[in-house]
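User: I'm new to this one and would like to go through it with you. Could you put it up on the screen?

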Amino acid sequence: MRLREHDLVLKEIDGETVLLDLVSSTYFSANRTGTFLLGLLGEEQETEALVAALAQEFGLDDQAARVDTDAFVALLAEQRLLA
């Protein structure tokens, strides 16, 4: 999975990201962990790789990283931000 390549504008401000979907004219915001995952989703990623990277970056156990990653990816999918 990865972010859509077109019609998205991302702006990082103080470690958080605001994303504008030009197709739906909606804003999406992400905290530090979401911003980290968005950075990884600029390229094709498998869920397992996202979970491992999040756990390592923020010192999370695998279960907490999985819950956070799954919730974030589900939200991105719901908003149709993934390719």
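User: How many cavities of 30 Å³ or more does the structure hold?
Analyst: This is a predicted model, and the structure in it holds one cavity of 30 Å³ or more. The volume of this largest cavity comes to about 30 Å³.

User: How does one see where empty space is left?
Analyst: One rolls a probe the size of a water molecule over the atoms, and that shows where empty space is left.

User: Which residues line the largest cavity?
Analyst: The lining is made by L19, D21, T26, Y27, F28, Q79 and L81. Two elements, β2 (16-21) and β3 (26-30), each give two or more residues to that lining, and the largest share, three residues, comes from β3.

User: How do those lining residues divide into nonpolar, polar and charged?
Analyst: Four residues of the lining are nonpolar, two are polar and one is charged.

User: Let me pick Y27 from that list; is it buried or exposed?
Analyst: Y27, which lies in strand β3, counts as exposed, because its relative accessible area is 63% and the cut-off for exposed is over 50%.

User: Which residue does D21 meet in a salt bridge?
Analyst: The side chain of D21 meets that of R4 in a salt bridge, with an N to O distance of 2.9 Å. This pair links distant parts of the chain, since R4 sits in the segment before β1 and D21 in strand β2, 17 residues apart.

User: How many salt bridges does a search of the whole structure find?
Analyst: The search finds three salt bridges. Another of them joins E48 and R66, whose closest N and O atoms are 2.6 Å apart. That pair also links distant parts of the chain, with E48 in helix α2 (residues 47-58) and R66 in helix α3, 18 residues apart. R66 itself is partly exposed, at 26% relative accessibility.

User: What about E5, which side chain does that one meet?
Analyst: The side chain of E5 meets the side chain of R2 in a salt bridge, at 3.8 Å from N to O. Within this pair, E5 counts as exposed at 57% relative accessibility, while R2 counts as partly exposed at 23%.

User: Then what is the phi of D14?
Analyst: D14 has a positive phi of about 50°, although it is not a glycine. This residue is placed in the loop between β1 (8-13) and β2, and D14 is exposed, with a relative accessible area of 78%.

User: And what is the phi of R80?
Analyst: R80 also is not a glycine, and its phi is positive, at about 60°. R80 lies in the segment after α3 and is exposed, with a relative accessible area of 66%.

User: Where is F72, and is it buried or exposed?
Analyst: F72 is in helix α3 (residues 62-78), and it counts as buried because its relative accessible area is 12%, where the limit for buried is under 20%. Although F72 and A30 are 42 residues apart along the chain, their C-alpha atoms are separated by 9.1 Å.

User: Last one: what separates the C-alpha atoms of K11 and A55?
Analyst: The C-alpha atoms of K11 and A55 are separated by 24 Å, and the two residues are 44 residues apart along the chain. K11 lies in strand β1 and is exposed, with a relative accessible area of 53%.

Note on methods
Residues numbered from 1 in each chain as written. Predicted model: local features only at pLDDT ≥ 70, side-chain atom pairs only at ≥ 80, totals over all residues. Heavy atoms only, no water. 1 Å grid on protein atoms, 1.4 Å probe; cavity = no way out; pocket = protein on both sides within 12 Å on 5 of 7 lines; lining within 4 Å. Points joined across faces, edges and corners; volume = space filled by probe spheres on them. Helix = DSSP H or I, 4+ residues; strand = E, 2+ residues; numbered from the N terminus. Nonpolar A, V, L, I, M, F, W, Y, C, P; charged D, E, K, R; others polar. Buried < 20%, exposed > 50% of the residue type's maximum accessible area, 1.4 Å probe, protein only. Salt bridge = Lys/Arg side-chain N within 4 Å of Asp/Glu carboxyl O.
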